[in-house]
Amino acid sequence: MQELFDDLYDKSCKGYKFKHLVELITSESNIKLTYRNIKRNNGGKTSGVNKHTIDDIANGNIEEVIKYVQNRLKYY
(Lines give C-alpha, C1' and ligand atoms only; values in the text may rest on other atoms or scores of the structure.)
Protein backbone atom coordinates (compact mmCIF):
# COMPACT_ATOMS: atom_id res chain seq x y z
CA MET A 1 0.00 0.00 0.00
CA GLN A 2 2.86 2.38 0.75
CA GLU A 3 4.08 2.25 -2.85
CA LEU A 4 0.57 3.03 -4.05
CA PHE A 5 0.28 5.98 -1.67
CA ASP A 6 3.70 7.25 -2.75
CA ASP A 7 2.61 7.03 -6.39
CA LEU A 8 -0.61 8.90 -5.64
CA TYR A 9 1.35 11.59 -3.84
CA ASP A 10 3.81 11.97 -6.73
CA LYS A 11 0.96 12.28 -9.20
CA SER A 12 -0.83 14.83 -7.02
CA CYS A 13 2.29 16.98 -6.93
CA LYS A 14 2.18 17.00 -10.74
CA GLY A 15 -1.44 18.13 -10.78
CA TYR A 16 -2.99 14.78 -11.68
CA LYS A 17 -6.76 14.65 -11.18
CA PHE A 18 -7.93 11.45 -9.52
CA LYS A 19 -11.13 9.51 -10.05
CA HIS A 20 -12.56 6.45 -8.31
CA LEU A 21 -10.57 6.84 -5.10
CA VAL A 22 -13.44 5.35 -3.07
CA GLU A 23 -12.49 1.99 -4.55
CA LEU A 24 -9.02 2.40 -3.05
CA ILE A 25 -10.40 3.60 0.28
CA THR A 26 -12.76 0.64 0.57
CA SER A 27 -10.24 -1.99 -0.50
CA GLU A 28 -9.63 -4.75 2.00
CA SER A 29 -5.91 -3.99 2.24
CA ASN A 30 -6.52 -0.30 2.97
CA ILE A 31 -9.14 -1.03 5.63
CA LYS A 32 -6.75 -3.47 7.33
CA LEU A 33 -3.95 -0.89 7.18
CA THR A 34 -6.24 1.75 8.67
CA TYR A 35 -7.29 -0.63 11.43
CA ARG A 36 -3.66 -1.38 12.32
CA ASN A 37 -2.81 2.34 12.39
CA ILE A 38 -5.74 3.16 14.66
CA LYS A 39 -4.90 0.23 16.93
CA ARG A 40 -1.34 1.56 17.39
CA ASN A 41 -2.58 5.09 18.07
CA ASN A 42 -3.50 6.11 21.62
CA GLY A 43 -6.65 7.74 20.24
CA GLY A 44 -7.94 4.26 19.44
CA LYS A 45 -8.57 3.81 23.16
CA THR A 46 -11.17 6.60 23.06
CA SER A 47 -14.72 5.42 22.46
CA GLY A 48 -16.52 6.71 19.42
CA VAL A 49 -20.08 7.92 19.02
CA ASN A 50 -21.21 4.29 19.14
CA LYS A 51 -19.37 3.85 22.47
CA HIS A 52 -16.93 1.33 20.97
CA THR A 53 -13.15 1.44 21.04
CA ILE A 54 -10.66 -0.21 18.72
CA ASP A 55 -10.37 -2.99 21.31
CA ASP A 56 -14.07 -3.75 20.89
CA ILE A 57 -13.52 -4.05 17.16
CA ALA A 58 -10.44 -6.23 17.75
CA ASN A 59 -12.60 -8.73 19.61
CA GLY A 60 -14.78 -9.17 16.54
CA ASN A 61 -14.20 -10.74 13.16
CA ILE A 62 -11.99 -8.64 10.86
CA GLU A 63 -13.96 -9.76 7.82
CA GLU A 64 -17.12 -8.36 9.41
CA VAL A 65 -15.33 -5.08 10.09
CA ILE A 66 -14.19 -4.88 6.47
CA LYS A 67 -17.72 -5.51 5.19
CA TYR A 68 -19.13 -2.96 7.65
CA VAL A 69 -16.74 -0.23 6.47
CA GLN A 70 -17.32 -1.09 2.82
CA ASN A 71 -21.10 -0.95 3.29
CA ARG A 72 -20.92 2.36 5.15
CA LEU A 73 -18.98 3.92 2.26
CA LYS A 74 -20.82 2.13 -0.54
CA TYR A 75 -22.82 5.13 -1.71
CA TYR A 76 -20.34 7.85 -0.84
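**Pocket, helices and loops**

Mentor: Let's start with helix H3, which supplies five residues to the lining of the largest pocket, the largest share of that lining. We are looking at a predicted model, where local features need pLDDT of at least 70, side-chain atom pairs count only at pLDDT 80 or more, and totals for chains, interfaces and linings use all residues. Residues are numbered from 1 along each chain as its sequence is written, and side-chain values use heavy atoms, with hydrogens and water left out.

Trainee: What makes a space a pocket, and a residue part of its lining?

Mentor: On a 1 Å grid over the protein atoms alone, a pocket is an open set of points with protein on both sides within 12 Å along at least five of seven lines, while a cavity is a set where a 1.4 Å probe fits but cannot get out; lining residues have an atom within 4 Å of a point. Here 21 residues line the largest pocket, and Ile38, Ile57, Val65, Tyr68 and Val69 are the ones nearest its centre. The pocket holds about 520 Å³ of space, a volume being the space filled by probe spheres set on grid points joined across faces, edges and corners.

Trainee: Which helices each supply at least two residues of that lining?

Mentor: Helix H3 (28-40), helix H4 (54-58) and helix H5 (62-72) do. By type, the lining has eleven nonpolar residues, nine polar and one charged. Nonpolar covers Ala, Val, Leu, Ile, Met, Phe, Trp, Tyr, Cys and Pro; charged covers Asp, Glu, Lys and Arg; the others, Gly among them, are polar.

Trainee: How many helices and strands does the chain have?

Mentor: There are five helices and zero strands, where helices (H or I, at least four residues) and strands (E, at least two) are DSSP runs numbered from the N terminus. In order from the N terminus, the elements read α-α-α-α-α.

Trainee: Why is the chain called more spread out than a compact globule?

Mentor: Its radius of gyration is 15 Å, well over the 11 Å that the globule rule gives for 76 residues, so the chain is more spread out than a compact globule. The radius is taken over C-alpha atoms, and the rule is 2.2 Å times the number of residues to the power 0.38. Along the principal axes, the C-alpha atoms fill a box of roughly 40 × 25 × 20 Å.

Trainee: What makes the span of H1 close to the expected one?

Mentor: Helix H1 (residues 2-13) has twelve residues and reaches 17 Å from its first C-alpha to its last, against 16 Å expected at 1.5 Å a residue. That expectation is 1.5 Å times one less than the number of residues. Just after H1, Gly15 has a positive phi of about 85 degrees.

Trainee: Why is Thr53 called buried?

Mentor: Buried means under 20% relative accessible area, exposed over 50%, and partly exposed in between (1.4 Å probe, protein chains only). Thr53 has 18% relative accessibility, so it counts as buried. It sits in the loop between H3 and H4. Across the chain, buried residues make up 14% of the 76 residues.

Trainee: What does Thr53 contact beyond its neighbours within four places in sequence?

Mentor: Thr53 is in contact (heavy atoms within 4.5 Å) with Gly44, Lys45, Thr46 and Ser47. His52, in that loop between H3 and H4, touches Thr46 and Ser47, again setting aside residues up to four places away.

Trainee: Why is His52 called partly exposed?

Mentor: His52 has 42% relative accessibility, so it falls in the partly exposed range. Val22, in helix H2 (residues 21-25), counts as partly exposed at 29%. Not counting residues up to four places away, Val22 touches Leu73 and Tyr76.
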